Amino acid sequence: MNLSEIHTTYLTLVRQALWQEEQPIEVMHPDEVLRLCALQGTGPLVFPRLLKSEAFTDIQRVQMKQICGQTMLSQAKLSATLTRVWTAFEKAKIRAVLMKGAGLAALYPQAQMRPWGDIDVYVGPQQYHPACAVMRETFPGALKFDEELDHYKHYNLIADGISIEVHRVTIGLQHPMDERRYAQIESKGMTDTEVLEINGLQVRVPEPTFNALFVFMHAWEHMMTSGANMRQLCDLALLLHHYADRIDVPRLKSYLESLHLLEVWQVFIQILVNGLGLSPSCVLVSSEECGARAERLLKDLLDGKLVQPKPSGKAPKNKIARKLHTMRERLKEADRMRPYSPAYARHLKWTTFLHGASRLFAKDRHWE
């Protein structure tokens, strides 16, 4: 890959930490490497390796140790809260499935290498309202930030400084047709779960094929909206490595095709193999044709450019003008994604036109 020296050094350090490689590496531009670690959310992953280098000052070394220590303390607090959440759901006979953070951290060489800052639990549409009630009863003093509405992706409360998200769905998609397709996929993936032990707690996590799709889609969603970081790609690399012999490749490919995400997946795979050192034997669906797009996505990710720009002006008060404004903003989003996946950009534009046209003269929804 045609990356800068700093980016190459950083990727080498991440790759060595992921796969526990012991080859020494000369750290050039230590300040920039630390900046990248902070930007990409990989400090606790890389810092134990950096502490072996003489390239850093005593102050920098103390700061790295403090961050690693804070991560361990934070995870201990999060784990205690997770136990309360899980115990409450089990007592109420609510079947919950743990998503993202804690379940993915368990795949790392040491769990503390992967920080997680909140607790995401899927309960599904049928259990959604009872589950929200259980959380309010379990944490009566918690702050509530989201209304418990059926069109929201999740209900959020903050207990003792920890965000707990009770998910009605795992991902929100723009077009109803995509939503219906994904709902069928999600239902299977969250029904055929498996058990994972986290600090002595037995929890359910998504079955591997769906989990690979979800972790990938969650990272792509962040790239399109609030920004993504390298940690999310590390999650996917370790997930594919850990479950390489258990992921149903034909089924995964059919999921990707039905959601118009196969080309995006191929771009991600190129980054995981060429940038993060994922073994080619773990590659599920790949395409060398996506090499240039993968390199561009990786460079923009490392440069911190994958951040959604602010909307151009306030949304108009007039109903039709406001809906046209929303449509234009979503078309801009498609244009931002075109360099990485022209196929998905076309799909996004098409669904924006279809959905926008159907909404243009529809009755206003009070939450918009």
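## Helix α8, wrapped up by the rest

Of the 17 residues in α8, 16 are buried, so the rest of the structure largely encloses this helix. Buried here means under 20% relative accessible area, with exposed being over 50% and partly exposed in between (1.4 Å probe, protein chains only). Helices (H or I, at least four residues) and strands (E, at least two) are DSSP runs, numbered from the N terminus.

Before going further, a word on what you're looking at: this is a predicted model, in which local features need pLDDT of at least 70 and side-chain atom pairs count only at pLDDT 80 or more, while totals for chains, interfaces and linings use all residues. Residues are numbered from 1 along each chain as its sequence is written, and side-chain values use heavy atoms, with hydrogens and water left out.

## Length and start of α8

Helix α8 covers residues 208-224, and at 1.5 Å a residue it should span 24 Å; the C-alpha atoms at its ends are 24 Å apart, so the two agree. That expected span is 1.5 Å times one less than the number of residues. At the start of the helix, a side-chain oxygen of Glu207 comes to within 3.1 Å of the backbone nitrogen of Thr209.

## Rings on and around the helix

There are 6 aromatic pairs in the structure. To count, rings of Phe, Tyr and Trp (its six-membered ring) need centres within 6.5 Å; planes under 30 degrees apart make a pair stacked, over 60 edge-to-face, and the rest tilted. Phe210 and Phe214 are a stacked pair, because their planes sit at 20°, with the ring centres 6.3 Å apart. These two are 4 residues apart in α8, which means about one helical turn separates them. An α-helix has 3.6 residues a turn, so residues three or four places apart point the same way. Phe210 and Phe214 are both buried.

Phe216 and Trp265 make an edge-to-face pair, 5.1 Å from centre to centre and with 80° between the planes. This one ties together distant parts of the chain: Phe216 belongs to α8 and Trp265 to α11 (residues 262-274), 49 residues apart. Again, both partners are buried. Ring pairs also join Phe216 and Trp265 with Trp220, Phe268 and Tyr344 into a cluster.

## One cavity

Searching the whole structure for cavities of 30 Å³ or more turns up 1. The method uses a 1 Å grid over the protein atoms alone: a cavity is a set of points where a 1.4 Å probe fits but cannot get out, a pocket is an open set with protein on both sides within 12 Å along at least five of seven lines, and lining residues have an atom within 4 Å of a point. Grid points are joined across faces, edges and corners, and the volume is the space filled by probe spheres set on the points.

The largest cavity holds about 100 Å³. Its lining has 13 residues, with Gly103, Leu104, Val205, Pro206 and Asn211 nearest the centre. Two or more of the lining residues come from each of β1 (97-99), α5 (101-105) and α8. Ala, Val, Leu, Ile, Met, Phe, Trp, Tyr, Cys and Pro count as nonpolar, Asp, Glu, Lys and Arg as charged, and the others, Gly among them, as polar.

## The second largest pocket

This pocket has about 300 Å³ of space and a lining of 21 residues, with Lys100, Arg114, His218, Arg231 and Gln232 nearest its centre. Helix α8 is the top contributor here, with 5 residues. The lining splits into 7 nonpolar, 7 polar and 7 charged residues.

## Elsewhere along the chain

Met99 sits in strand β1 and is buried, at 2% relative accessible area. Its C-alpha atom is 9.1 Å from that of Val215, 116 residues away along the chain. Over in helix α12 (residues 291-302) you'll find Leu297, which counts as buried at 1% relative accessibility.

Two loop residues have a positive phi without being glycine. Lys93, with phi near 60°, is in the loop between α4 (58-91) and β1 and is exposed at 72% relative accessible area. His260, with phi near 65°, is in the loop between α10 (249-258) and α11, and at 34% relative accessibility it counts as partly exposed.

Technical notes
Polar contact = N/O pair within 3.5 Å; in protein donor to acceptor, adjacent residues only side chain to side chain.
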